[in-house]
Amino acid sequence: MTTVATRPNVVGALRERVLKFAERVTTPLVPSDYLDIIDPLRSGADLRGRIVAVHPETRDAVTLVIKPGRGWRPHVPGQYVRIGVDVDGVRQWRAYSLTSKTHRRDGCIAVTVKAIPDGVVSNHLVRRATVGTVIQLGQAAGDFTLGERPPAKVLFLTAGSGITPVMGMLRNMASLGGPAPDIVVVHSAPTADDVIFGWELRMLAREGRIRLLERHTDTDGMLDVTRLGELVTDFAERETWACGPAGLLDALEQRWAAAGIADRLHIERFRPAVITAGDGGTVTFAKSGNVVEADGSQSLLDAGESAGVLMPSGCRMGVCFGCVVPMRQGAVRDLRNGDVTTANPGDNVQIQTCVSAAAGACELDL
């Protein structure tokens with residue numbers, strides 16, 4: 001018996017042939033790249049998001065409301081998301097805590113960013129981000145979370161932007177189920193006006209949902225961890241989540257260890273990585289263990305092959321995308337237009353090795 005193809009199958013097959021042909025003649029972009037321009041949040045595209053609102057929080061902090069693409073998966077309160085943004089021709093990636101409810105009706109997520117001195121990405125997002133800007137997104141990650149059920153007694157100990165993952169937890173506390181926990185929040189900031197989410201935290205305190213202890217360091221001085229018991233007499237009985245500057249977290253770890261309660265302390269450390277682009281650098285091929293010095297004019301494909309690494313390749317001119325591999329970390333420069341792409345550890349940014357050169361040290365997943 002002869003089977004006759006249905007019209008949708010014929011149309012689909014024809015569309016696929018047209019796309020394959022177009023990919024052969026379109027350079028340096030492939031048709032999917034043009035679809036990304038028309039509909040950057042479409043299903044199947046690299047995960048992106050569009051900024052739909054920018055809300056000032058303090059003089060140097062804003063909340064960005066982001067509509068994520070269709071591939072976004074729900075997050076757990078306390079997790080972070082990596083954001084990729086182009087700043088002066090360089091794609092930079094940074095991680096920011098999610099501060100929104102996990103299931104907003106509009107499908108949006110939110111991150112709150114505090115500008116830090118010499119922070120390339122944070123200052124760009126705080127001072128220059130606008131509604132409509134499309135950014136790159138990773139999926140939510142991190143284990144600085146409350147788990148399925150919060151414990152009966154909770155202590156949140158934060159400073160500066162360290163309040164951001166905690167606010168993500170507080171805003172979602174009701175959705176976790178079970179009886180409301182006894183929550184104490186100890187937060188440090190230079191002044192009352194510098195407290196991110198200050199109005200909301202104080203409202204939660206007035207409603208009796210948390211006990212809030214603010215430390216304004218310009219007038220009160222830095223928090224003395226050794227005297228924490230004077231503020232929270234039962235701190236040793238509480239499961240504690242802490243986020244803030246490294247010095248504070250180091251002191252907390254020592255204090256909890258000395259008290260024999262280190263297992264009750266959960267810490268989130270912000271590690272802002274600074275990647276400086278240069279001309280050439282050390283290329284590490286992680287899986288093979290090969291390391292080679294490459295100059296700024298040599299493609300990573302050529303550098304790898306010269307070191308004996310089995311490199312995927314195709315046209316060798318940036319058209320077929322047969323050489324695409326993940327960059328675990330580092331910086332590379334596009335030999336066609338000079339654009340620099342950076343990656344922090346864990347980002348695994350996809351790059352074309354045949355048209356990319358080292359722009360500093362970089363590590364490839366090969």
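The legends below describe close-up views of side-chain features in a predicted model.

**View 1. Cysteines without a disulfide.**
The structure contains zero disulfides. Cys315 takes part in no disulfide, and the nearest cysteine sulfur, that of Cys320, lies 3.7 Å away. A disulfide would require the two sulfur atoms to be within 2.5 Å. Cys315 counts as partly exposed because its relative accessibility is 30%. Cys323 is likewise in no disulfide; here the nearest cysteine sulfur belongs to Cys354, at 3.6 Å. With a relative accessibility of 3%, Cys323 counts as buried.

**View 2. The salt bridge between Asp86 and Arg91.**
Across the whole structure, the search finds 20 salt bridges. One of them joins Asp86 to Arg91, with the closest N and O atoms 2.8 Å apart. Asp86 has a relative accessibility of 43% and therefore counts as partly exposed. Arg91 is partly exposed too, with a relative accessible area of 26%.

**View 3. The salt bridge between Arg202 and Glu214.**
Arg202 and Glu214 form a salt bridge whose closest N and O atoms are 2.8 Å apart. Arg202 belongs to helix H5 (residues 198–206) and Glu214 to strand S9 (residues 211–216), so that the pair links distant parts of the chain, twelve residues apart. At 25% relative accessibility, Arg202 is classed as partly exposed. Glu214 is also classed as partly exposed, at 25%.

**View 4. The salt bridge between Arg328 and Asp365.**
The closest N and O atoms of the salt bridge between Arg328 and Asp365 are 2.8 Å apart. Because Arg328 lies in strand S14 (residues 324–334) and Asp365 in the segment after strand S17 (356–364), this pair ties together parts that are 37 residues apart in sequence. Arg328 counts as partly exposed, with 29% relative accessibility, whereas Asp365 is buried, with a relative accessible area of 19%. The value for Asp365 falls in the buried class because that class covers relative accessible areas under 20%.

**View 5. A network of salt bridges.**
Salt bridges link Lys153, Asp182, Asp234, Glu237 and Arg238 in a network.

**View 6. The surroundings of Thr63.**
Thr63 is placed in strand S2 (residues 61–68). Its relative accessibility of 6% means that Thr63 counts as buried. The side chains of Thr63 and Glu57 are joined by a polar contact of 2.7 Å. When neighbours within four places in sequence are left aside, the residues in contact with Thr63 are Ala53, Val54, His55, Glu57, Ala110, Val111, Thr112 and Phe197.

**View 7. The aromatic pair of Phe156 and Trp241.**
Two aromatic pairs are found in a search of the whole structure. In the pair of Phe156 and Trp241, the ring centres are 6.1 Å apart and the planes meet at 55°, so the pair is tilted. Phe156 lies in strand S7 (residues 153–159) and Trp241 in strand S10 (residues 239–243), so the pair ties together parts that are 85 residues apart in sequence. Both Phe156 and Trp241 are buried.

**View 8. Arg171 over the ring of Phe197.**
Arg171 lies over the face of Phe197, at 4.9 Å from the ring centre. Phe197 is also among the residues in contact with Thr63.

Notes: Residues numbered from 1 in each chain as written. Predicted model: local features only at pLDDT ≥ 70, side-chain atom pairs only at ≥ 80, totals over all residues. Heavy atoms only, no water. Buried < 20%, exposed > 50% of the residue type's maximum accessible area, 1.4 Å probe, protein only. Salt bridge = Lys/Arg side-chain N within 4 Å of Asp/Glu carboxyl O. Helix = DSSP H or I, 4+ residues; strand = E, 2+ residues; numbered from the N terminus. Polar contact = N/O pair within 3.5 Å; in protein donor to acceptor, adjacent residues only side chain to side chain. Contact = heavy atoms within 4.5 Å. Phe/Tyr/Trp six-rings, centres within 6.5 Å; stacked < 30°, edge-to-face > 60°. Lys NZ or Arg CZ within 6 Å of the ring centre and 35° of its normal.
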